[in-house]
Amino acid sequence: MTVATRYPSLVEAAERHPKPADVTYAYGTAGFRMKANLLDSVIFRAGVLAALRSKKLDGKTIGVMITASHNPAQDNGIKLVDPMGEMLEQTWEAYASQLANAPTIEELLAVVDRVIAANKIDLSKPANVVYARDTRPSGPALVAALADGLSAVQAQHRDEGILTTPQLHYIVRCLNTQGTPEAYGEPSAAGYYKKLADAYHKLVNGKTRLSPLHVDCANGVGAPKIREFAQVVGEAALALIVTNDDTETEGSLNYQCGADYVKVNQHGPHGVEMQPNGRYASLDGDADRLVYYYMDNDRVFHLLDGDKIAGLAAMFIKDLVTAAGLEGINVGTVQTAYANGSSTNYLTNILQVPVSCTQTGVKHLHHEAEKYDVGVYFEANGHGTVLFSPVVLQAISDTVSRTPAQALAIAQLRALTDMINQTVGDAISDLLLVEVILTHKQWTLSQWDQAYTDLPSRLVRVVVKDRNIFRTINADRQLESPAGMQALIDGAVAKFANGRSFVRPSGTEDVVRVYAEAATRHECDELAFRVAGLVFDNAGGLGDRPAE
Ligand code: G16
């Protein structure tokens, strides 16, 4: 039976969401992402795909998040979430792209039928999908398109309203594990706040509180959500000062603020008057990334990015695992090519934990981290989390403690597994993790920063005619296409002490990204702009040639 015979209303519904003629869509680093006015058909079709994915998995609940995260307010996007709260399986990303690009309704139906046949999907199975969106103005119309796609194939679906991306991932996992030994929690935002707050209270019990933390919420969904959390956790336990919380003014989302802005520009966000030795953090537009920063007595800005968070977390967890007497449990870390060379050196040589390197995109890091008993993964941009394998969870519950210190370490590890969102990187949960560690150590941000000194680094965006001609190998560290480009980059890098640079096409914006690091700030900037110039000159640069 074809999909059109089974669901006669699908054709009519699809006609209400026609594909724009000259647009090609790709399910990229984090799903589809582009100008919101181009996304109606993509989102309708993603609804159909989410329903098929659920049917394929015997009616397990699939999640759909409508967000463009760190991108400007006029963009939007969609990410699909698999049953345990992880990113959509990669073979299905290809189906998502094929569905999105089918030029006509007939082609669309043919692609759907091919997906059904290739995966032996039984259409009589139930389909369950939950979805949420961030605060973008384009969200409600796109949610309506999604619901139209889900209804057209008779999927059960529920609108969770406005949530952070990690909250939706959490809810999906809760729904699919309810009533099983792996039950993850109450499937609601309230359940999420309670789970995290309870674990946080256990971890900071009896410790001296830190001074307030100023949290820049990128004028996005993180603002209302962290406020809701603050009510639950209580000010006596965690003092937060929420800034950049304007979710109403058009265009304010991520504008000159938020984790991406702070990381790329290496200075504080607008709207925040930084004071020497104050404590500051920024979330991104859908609250899945986190960076910290402070200003020293000379008013010099210091960034504590995802690499620093990874180092802090790996150090703390490794010590706890030892104190808990969990024999043979390995703690490993996962980074990408963007990791600062000093951080890799710190993890490898000082902490002595294994470090793996994957392609950019948390979905890649997540899978690699699953190979460790405890896998700490963070991208330098502040996106990441910690995964505890079933072996560790079992060891935590089985180990009989011989001393009060061991009992305490085990209890703390157990609380950490509850407080850390293990489905995906989560700024609120990661913020709690950092606060717990700093509270235990009674460290200022400057003391945390002393773990190692970053090599100066620089990120440059280059606009080109077609970024798809850029293809990377070796976990994004080298280019295989365009031909000859890597040799030019190597030639530039060779002229700089401790120089490193790579080029990759963004999966979330229509740009090519250039990363460089070198021994001094001046050399680093020179290398970054030299490589950006090579890209611009030899691969169809558009607009102004990149310059400092
Ligand atoms: C997304 C991904 C991240 C990735 C970032 C930038 O983040 O989830 O893993 O690092 O995009 O990717 P690219 O360099 O390919 O544009 P977010 O926070 O925007 O969802």
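This is a predicted model: local features need pLDDT of at least 70, side-chain atom pairs count only at pLDDT 80 or more; totals for chains, interfaces and linings use all residues.
**View 1. The whole chain.** The chain comes to 19 helices and 19 strands (DSSP runs numbered from the N terminus: H or I of at least four residues for helices, E of at least two for strands). Its radius of gyration, taken over C-alpha atoms, is 23 Å, close to the 24 Å from the globule rule for 548 residues, so the chain is as compact as a globular protein of that length. That rule is 2.2 Å times the number of residues to the power 0.38. Of the 548 residues, 51% count as buried (20 or more other C-beta atoms within 10 Å of a residue's own; exposed is 12 or fewer, partly exposed in between, with C-beta atoms placed from the backbone).

**View 2. Strand β13 and its partners.** All five residues of β13 are buried: Val 374, Val 376 and Phe 378 on one side, Gly 375 and Tyr 377 on the other. β13 pairs with β11 (residues 331–336) in the parallel sense over four bridges (pairing takes at least two DSSP bridges), and here Val 334 stands opposite Tyr 377. With β14, the pairing is antiparallel over five bridges. These two strands make a hairpin with five residues between them, and Gly 382 in the turn has a positive phi of about 100°.

**View 3. Glu 379 in the loop.** Glu 379 sits in the loop between β13 (374–378) and β14 (384–388), and it's buried, with 26 other C-beta atoms within 10 Å. Beyond four places in sequence, its contacts (C-beta atoms, placed from the backbone, within 7 Å) include Gly 306, Thr 336 and Tyr 338. UniProt, in an unreviewed entry, lists Glu 379 and Gly 507 among its "binding site" positions; such annotations may be inferred rather than shown by experiment.

View 4. Gly 507 lies in the loop between β18 (500–505) and β19 (512–517), and is partly exposed, with 17 C-beta neighbours inside 10 Å. Leaving out residues up to four places away in sequence, Gly 507 touches Gly 28, Thr 29, Ala 30 and Gly 361. Around the ligand are 18 residues, the closest being Thr 29, Ser 69, Ser 506, Gly 507 and Thr 508 (C-beta atom, placed from the backbone, within 6 Å).

Definitions and conventions: Residues are numbered from 1 along each chain as its sequence is written. Two residues are in contact if their C-beta atoms, placed from the backbone, lie within 7 Å.
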